[in-house]
Amino acid sequence: MDIILKQDVNNLGYKDDIISVKPGYARNFLIPQGMAILATERNRKILAEELRQRAHKEEKIKNEALEKAKVLEGLKLQIPAKAAATGKIFGSVNNIMIANAIKEATNLEVDRKQIVINEEAIKEVGEYKAKVKLHKEVQVEVDFNVFAE
């Protein structure tokens, strides 16, 4: 029996996959739980149209991410921090501070959750790198310099 998955199911498939399963598994578990629908001709056409529209939206989102990536490429941020004479920072530099520095430098809104710092915690003055994940296929590495105020 062919079905269309409405959500990811472990060891079976991902959302919008058309798969074949035993009729009892589909009728008694997947369909009543809302995990799948029958793969009738009508449902296949609806799925094809949804996938086409989603692909168009995804392409638009990816293009916007690529435009942001062009702006962020080669960007070198300066992040001030209160530090001791030895160069040790009081506290640490986090992704919120990097997001604020990007906003000041380029006027781009970047969510702090999209920024991944390579080191665990930045607790000293120096130069570092961070990845900005704008899209699942678009990532930019940003250099930043932490200096004492």
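**View 1. Glu-127 and Lys-76 meet through their side chains in a salt bridge, 3.2 Å from N to O.** This bridge ties together distant parts of the chain, with Glu-127 in strand β8 and Lys-76 in strand β4 (residues 76–81), 51 residues apart. Glu-127 is exposed, at 59% relative accessible area, while Lys-76 is partly exposed at 41%. Please keep in mind for every view here that the model is predicted.

**View 2. Asn-145 sits in strand β9 (residues 138–148).** With a relative accessibility of 18%, Asn-145 falls under the 20% cut-off and therefore counts as buried. Its side chain makes a polar contact of 3.2 Å with the side chain of Gln-78. Leaving aside residues up to four places away in sequence, Asn-145 touches Leu-77, Gln-78, Ile-79, Gly-126 and Glu-127.

**View 3. Glu-137 and Lys-62 form a salt bridge, with their closest N and O atoms 2.7 Å apart.** Here too distant parts of the chain are linked: Glu-137 lies in the loop between β8 (126–135) and β9, Lys-62 in helix α2 (residues 41–72), and 75 residues separate them. Glu-137 is exposed at 51% relative accessibility, whereas Lys-62 is partly exposed at 24%.

**View 4. Lys-103 pairs with Glu-109 in a salt bridge whose closest N and O atoms are 3.0 Å apart.** Lys-103 is partly exposed (36%) and Glu-109 is exposed (53%). The whole structure holds eight salt bridges.

**View 5. Met-1, Ile-31 and Leu-38 make a nonpolar surface patch of about 210 Å².** Ile-31 is placed in the loop between α1 (23–30) and β3 (36–38), and its relative accessibility of 31% makes Ile-31 partly exposed.

Notes
Residues are numbered from 1 along each chain as its sequence is written. This is a predicted model: local features need pLDDT of at least 70, side-chain atom pairs count only at pLDDT 80 or more; totals for chains, interfaces and linings use all residues. Side-chain values use heavy atoms; hydrogens and water are left out. Helices (H or I, at least four residues) and strands (E, at least two) are DSSP runs, numbered from the N terminus. Buried means under 20% relative accessible area, exposed over 50%, partly exposed in between (1.4 Å probe, protein chains only). A polar contact is a pair of N or O atoms within 3.5 Å; within protein, one must be able to donate a hydrogen and the other to accept it, and residues adjacent in sequence count only if both atoms are side-chain atoms. Contact means heavy atoms within 4.5 Å. Patches are made of residues with over 30% relative accessible area and no salt bridge: like charges are joined within 9 Å, nonpolar side chains (Val, Leu, Ile, Met, Phe, Trp, Tyr) within 5 Å. Accessible areas come from the Shrake-Rupley method with a 1.4 Å probe; for residues, only the protein chains shown count as cover. A salt bridge is a side-chain nitrogen of Lys or Arg within 4 Å of a carboxyl oxygen of Asp or Glu.
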